[in-house]
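Visitor: I am new to this structure and would like to understand the words used for it. Could you show it to me and take my questions?

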Amino acid sequence: IVLLDRDLCAYPQRSKYDLVAIDNRRAGFTIAHHLLERGARRVVFIVRPNSAPTVAMRTAGFFDAIRAFADQQAAGWTEFGDPGDDSLISSILSRHHPDAFVCANDYTAARLMTSLNTLGVNVPSEVKVTGFDDLRYASLLQTPLTTIHQPCLELGAAALADMFARIAHPTMPACDYRSE
């Protein structure tokens, strides 16, 4: 068995199977660090309910980056809900006054950008929005989306290669194949 994208066990536990995935924790750190380096100091990580377990790793990386900028008074929050719910987004804006959002994925980012537009909040001059996955439509949004690329074709090829290696050497220890 070769797992693709996520483990069967919740982090920090680890199953006995090979895993081919991006490093979601590093990706969460990278995108948040990108925003913080560009001056963001009040960043909200927005997550839709029932998101994939990989989002927990992205969130952990996000908070790693916030802690790395603590001396510069950076603050971060996680908000769970529908990014297309204008009243939720209005509430988040009122409570946190964010200057940036990290979205759990590009779909969430696109929905958030629509809500922000409806509320009269300009992206990116008033608030920055980022995502994960680098879906094809990300560049087609009204404001092109800054996003972390997930190399799906390459991950699939690595999983297939690992499956052949696992068949040839069934007793080798479980391996992690992570893409940056």
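This is a predicted model: local features need pLDDT of at least 70, side-chain atom pairs count only at pLDDT 80 or more; totals for chains, interfaces and linings use all residues.

Visitor: Why are α3 and α4 called roughly perpendicular to each other?
Guide: Helix α3 (residues 86-96) and helix α4 (residues 106-118) pack at an angle of about 75°, and angles of 65 to 115 degrees count as roughly perpendicular, so that is the term for α3 and α4.

Visitor: What makes Asp7 buried or exposed?
Guide: Asp7 has a relative accessible area of 15%, and buried means under 20%, exposed over 50% and partly exposed in between, with a 1.4 Å probe and protein chains only, so Asp7 counts as buried. Arg14, with 32%, is partly exposed.

Visitor: How do you know that the side chains of Asp7 and Arg14 meet in a salt bridge?
Guide: The N to O distance is 3.3 Å, and a salt bridge needs a side-chain nitrogen of Lys or Arg within 4 Å of a carboxyl oxygen of Asp or Glu, so the pair of Asp7 and Arg14 qualifies.

Visitor: Why is the pair of Asp18 and Arg166 said to tie together parts of the sequence?
Guide: Their side chains meet in a salt bridge at 2.6 Å, N to O. Asp18 lies in strand β2 (residues 18-22) and Arg166 in helix α5 (residues 152-168), so the parts tied together are 148 residues apart in sequence.

Technical notes. Residues are numbered from 1 along each chain as its sequence is written. Side-chain values use heavy atoms; hydrogens and water are left out. Axes are lines fitted to C-alpha atoms, for helices over the stretch in contact, and angles run from 0 to 180 degrees between N-to-C directions. Helices (H or I, at least four residues) and strands (E, at least two) are DSSP runs, numbered from the N terminus. Angles under 35 degrees count as roughly parallel, over 145 as roughly antiparallel, 65 to 115 as roughly perpendicular and the rest as oblique.
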